[in-house]
Amino acid sequence: MKTALTPLKLATLLAGLLISTLSQAHGVDEASKTFLSSQSGQAILPFIYIGAKHMVTGYDHLLFLTGVIFFLYRRREILLYVSLFTLGHSLTLLYGTLNEIRINPWLIDAIIGLSVVYKGFDNLGGFKRIFGYQPDTRIAVLIFGLFHGFGLATKLQQLINDGDGMIANLLAFNVGVELGQLAALLLILMLISQWRRLPGFSRFAFTTNTALISLGLMLTGYQLTGYYLS
């Protein structure tokens, strides 16, 4: 007899995966530091690789993107929203790194967690049902993209140094982020497209977006706790 996958069970399942990586949430993993420590000057390919790796393993970014594209069917809409998110995080990634803006990583990651909560709540029609108002999702995606970019900038400053090759390495990292984002989006879209063909997609949609809210709240709570204890 099969057991139904409830929102709580799905959230618990994914929470186990997230908890295993939260210990490294505010820094760059040692493997990346070791990999780049031997590089000097321009290191285009290494920074592209690290940027792509950071996005593909960035669970908070991927959760938000999953929520953003979950109910998008037209290619034009997908391109629009992904472009807005890309514009937002590219601007703050470049600006924050070049100007050495370091926002407290606990707080910036708490906001990123809230972005996941927002998108899951929005996908479930919560704003219209509870508040009778629907925010402009395009503006929200752009704004949250800005915060995601500051999160990336905070981590990138642990890897990049002033001097020869800084600008090239920064741009290479951003290219890597976009390549990683594209690869992750294609996989997510492929999986969601398959689920859309199943008769139980509406139930799956409710379960998934409820899980997004639960995971986003868990991430936010974890980050705020870390902020007050640090």
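This is a predicted model: local features need pLDDT of at least 70, side-chain atom pairs count only at pLDDT 80 or more; totals for chains, interfaces and linings use all residues.

Guide: Let us begin with helices, which are DSSP runs of H or I with at least four residues, while strands are runs of E with at least two, both numbered from the N terminus. Residues are numbered from 1 along each chain as its sequence is written, and side-chain values use heavy atoms, with hydrogens and water left out.

Visitor: What makes Lys 119 count as buried or exposed?

Guide: Buried means under 20% relative accessible area, exposed means over 50%, and partly exposed lies in between, with a 1.4 Å probe and protein chains only. Lys 119 has a relative accessible area of 4%, so Lys 119 is buried. Asp 122, with 10%, is therefore buried as well. In the chain of 230 residues, buried residues make up 49%, and in α3 they include Pro 46, Phe 47 and Ile 50.

Visitor: Why is the pairing of Lys 119 with Asp 122 called a salt bridge?

Guide: A salt bridge is a side-chain nitrogen of Lys or Arg within 4 Å of a carboxyl oxygen of Asp or Glu. The closest N and O atoms of Lys 119 and Asp 122 are 3.0 Å apart, so the pair meets that definition. Both residues lie in helix α6 (residues 105–123), and because they are three residues apart there, they are separated by about one helical turn. An α-helix has 3.6 residues a turn, so residues three or four places apart point the same way.

Visitor: How many salt bridges does a search of the whole structure find?

Guide: The search finds two, and one of them joins the side chains of Asp 136 and Arg 138, at 3.0 Å from N to O. Asp 136 has a relative accessible area of 29%, so Asp 136 is partly exposed, and Arg 138, at 44%, is partly exposed too.

Visitor: What makes the approach of Asn 209 to Asn 123 a polar contact?

Guide: A polar contact is a pair of N or O atoms within 3.5 Å; within protein, one must be able to donate a hydrogen and the other to accept it, and residues adjacent in sequence count only if both atoms are side-chain atoms. The side chains of Asn 209 and Asn 123 make such a contact at 2.8 Å. Asn 209 is found in helix α10, and its relative accessible area is 0%, so Asn 209 is buried.

Visitor: What makes the phi of Glu 100 worth a remark?

Guide: Most residues other than glycine have a negative phi, and most peptide bonds are trans. Glu 100 has a positive phi of about 55° although it is not a glycine. Glu 100 is found in the loop between α5 (75–98) and α6, and at 47% relative accessibility Glu 100 counts as partly exposed.
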